[in-house]
Each structure stands twice: as C-alpha cells, then as structure tokens.
Amino acid sequence: MTVNNEGIKRELLQLLAEKQRRNRYNRIETFFPDDGPYRRELYPKHVEFMNNGATHRQRAIIAANRTGKTLMGAFEMTCHLTGNYPHWWKGRKFKTPIKAWAASKNTQMTKEVVQEELLGNVLDIGSGMIPKHLIVRSTKKPGVADAVESIHVKHVSGGQSELVFKSYEQGRDTFQGTKKQVIWLDEEPNDPGIFSECLTRTAGDAGNEGIIYCTFTPLYGLSEIVLDFLPEGKFPENGINPDAPYKYVSQVKWDEVPHISEEWKEEALKSYAAHERDARSKGIPSLGAGAIYPYPEDTIVVEPFEIPEWWPKAYGMDVGWNRTAAIWGALDKNSQTIYLYSEHYLGQELPAVHASAIKSRGDWIYGAIDPKSRDRSQTDGTRLLDLYENEGLELFPADNAVEAGIYKAGQLFASGQLKVFSTLNNFLSEYRIYRRDEKGKVVKKHDHLMDAFRYFIMTGLEYMQTKPDPDSRLDEILDSSRDEVTGY
C-alpha cells in the first residue's frame, strides 16, 4: 500500500491554517476556557463580575492596571451583541438583538482600546473579540482616521444588534437619546453627568431594564462615581452596598491574576508616582496628591481602651440642620499623645437633642464650636451658640483658620501624637475622602467631623481639663467661712 506523504502533509497544513484562522477570527473562544494556563478558575473575580449582571443593573470593576478588565468588558459586550453565551454563564442574558454603547475617555482611547479589543485592527476587522463571521457591517467615524462609528452584529435569534462607539470628550449632551440595553464605560468619566445620562438610557419596564457596567483603574481617586459604588470610601462586603443593593463592585489586584510576572510588577511599581501605586497595583482609589491627610489608617487607628479619668478632655463641634457633628479627644500627658475616642453624628434634630447626647459624654467637658454659631438666625435672631449654652454646654467659639488647622493636625498625625479609635466609623469615613480639588481647594462635602476635628485641634486643646473632683467641691461648699484671700 502506497502512502501519499505529500497529501497527508498538505492536509495537515490546511488543518493548521484553518485552526489559526479560526483562532484569529473567533478569539472569544480562547477566553475563560475550562482548562489551560488562563483557565476560568484562575480569574474568579472576572467571572463573578459578569455573573452578577443577572441581579445588579449597575456594576463597576475597579481594578489595577493590566488585570484584564478591558478584555473582560469586551468579552461581556460580545456575548450580549451575539446572544452566544458560554455554558458557564450565569449573568444577564438578552434573547433578542440589543442596542448598545461602548465608550472611553476620548476618541483616541475609544479607537485604540475599546474598538481594537472588540473588532481588532481596522485593516483586519474581525480579529478582535467579536467573531468575524458575525459582523454584518461597520460604519466609519467621519473625520477620524481608522475610527469606527458603529457596527451591526448577527444575533443568535436571527436579528442584528447595533453597537455605537462613543467618547466622553463629546460631552454629556451626546449621551442623550433612545433606550439602550447595554452600556460599557471603559475608564471612568470625569463628568459624573455622563454616567447619569447613560443610566437614564437603560431605564425600562420592571424586569426589562438595561445594564451599565464600568471597567477602570481609579486614578481620579474618590470621585463621585467611585463613591457611588464605595460607601465611606471602602469596598463593601461581598461587593454590594446595603444602601444600594442594585449596585455591584469588584476589586482586582495584580496579585489576583496569573498573567503578570513578578519582574514586571516590581519594575512598574518603582516607576509609578508614590501616590498612584495603590490605584495602579491594587485598584484602591487613592486621593493622591489631593489627600489632605495622606496618612495610612493603619498608622493612626488604634483599638479602643478605657480612657483614664486623669486624662484631660475636650471636644470640637460643627453645627447645622442637615448634620451636627462632634468629636472628643483625650490627652495622655506622659506620651503627649492625643486620642480621638468618641463622636456624635446626627442630622435634622433640635439643639436640645444634640446637647443631651453631648452632655452624656460628660457635662463638665468644654467644647470648641463652629464660630458661625455666633451669627444671628435670619428667622428669629437667635444665635445657635446661645441655644446650646442654654442647654448647659460649656462652649468656646473656635479658631476657624482652615489651612492652619489642617497643618497643625497634619503635624500631629505625622509625629504619631494623634491616634483615632477604630470605633469612630463616621470620622474615618470622612477622613478617607477629605481632599482637595484640582485647583487645590478643600472639597466641602462630607466634612462635618473634619471641621469639628479642626475646631478641637485649633481651640479645644486649649480648654482640655480633667473631671472635677466632687469631694473637693463638697469641701468648698461646706466650709464657706474660709477667707477668700488667705484660705483660712
């Protein structure tokens, strides 16, 4: 029997070429596989993020650079556009064609990142995540070389899905329009209004709402969008904010993906600015150069302990209808360390309610209050300071020199002379997001305890005292015949 070696060789080469062609024009099949070096089990957070789309209309994966968040975003978008979902998929499914947007910071980034991940090179459309045989047509973006405006993709149901590429630089108004089933924002919009417009586009009847998901590294720090997903500036347990259960957020660090080498991590980390390292390597929003108190919590927070009676105490107080806040501090004279040990944080209550809570910590403790409390009310001319003093509080108008107060507090933090009890959740929440804007001004949001803290530092320290000895006061009352000058 004669063996046609040349024929077998040709057949094998044809099979190999076909395999390469399929891999090139059907890349989605190579992502999140059952086995191999990049198997699905090695990327549990990516899979969990996509699966949470079934129950959460708003999602964000706030991750380190190079962790595969954009590839994952393109993978999910492709699934929705085509209706072809992998066997392991537990996320949202669309049984009919969808209308979708994919957007990034500017036209260049949309073209070079989002468009390329989905379509591949513009000269070889179909070499990206969306299989070539499912791309019906693409429309070029006028005036932008190699940029695509929109594409139509075959859906498994028989119709066609439409995807439009957009950029944030186009402005908020361009994100208005008709309903969209899926919106993918790769990188964070610097205008929160864009997110609001996108969210509006996903509105629909109950059970028929669209979804919006974001994939970004938090280089803007604790922006409005980040804080919408991270209550108190921290990743919530299980990724779900109990006050907004329709939101889901995930964090991915370098150490949680297998494809980044240790050598690259070490080299890259050294190259980044110090204030960017946590954001770029761990996905932790950093206030960066805008942080007012850039001191890690683990260096200032201590577990609570019973404050000795002989330590002098005082408090700072910020007043307002929406929120009245107070912070108490005690001084260890031996180590010259100040401990913030208690807080009051309550809104929309009368002065009598606040005063009662404050006196419960010790009615003998002096407080430094917002100096604006001396102003007359526009309604009845009553001063807030008078109202609180009538309730039995011993108060002194605080020095409201903002920059001087921040500097003084910063010196105490830096020297290790200021510590915070771990139970002061509201204080620590404000501490994390206390920052300056791009013009260097203090951001006046969620800062009531920060103001009260500053009043305590600038003025309250001057009025610290220990609890009066009731016995000495009793002796004074019983022996009123003593001469005021000689004491006899």
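I began with Leu340, which touches Ile327, Trp328, Gly329, Leu418, Lys419, Val420, Phe421, Leu424, Phe427, Phe453 and Phe456, leaving out residues up to four places away in sequence. Contact here means heavy atoms within 4.5 Å.

The model is predicted: local features need pLDDT of at least 70, side-chain atom pairs count only at pLDDT 80 or more, and totals for chains, interfaces and linings use all residues. Residues are numbered from 1 along each chain as its sequence is written, and side-chain values use heavy atoms, without hydrogens and water.

Then I turned to salt bridges (a side-chain nitrogen of Lys or Arg within 4 Å of a carboxyl oxygen of Asp or Glu). I found 20 in the whole structure. Lys45 and Glu256 form one, at 2.9 Å, N to O. Lys45 lies in helix H2 and Glu256 in the loop between strand S8 and helix H7, so the pair ties together parts 211 residues apart in sequence.

I also checked Asp451, whose side chain meets that of Lys444 in a salt bridge of 3.0 Å, N to O. Is Asp451 buried or exposed? Asp451 is buried, at 7% relative accessibility, while Lys444 is exposed, at 52%. Buried means under 20% relative accessible area, exposed over 50%, partly exposed in between (1.4 Å probe, protein chains only). Lys444 and Asp451 belong to a salt-bridge network with Asp447 and Arg454.

Methods
Helices (H or I, at least four residues) and strands (E, at least two) are DSSP runs, numbered from the N terminus.
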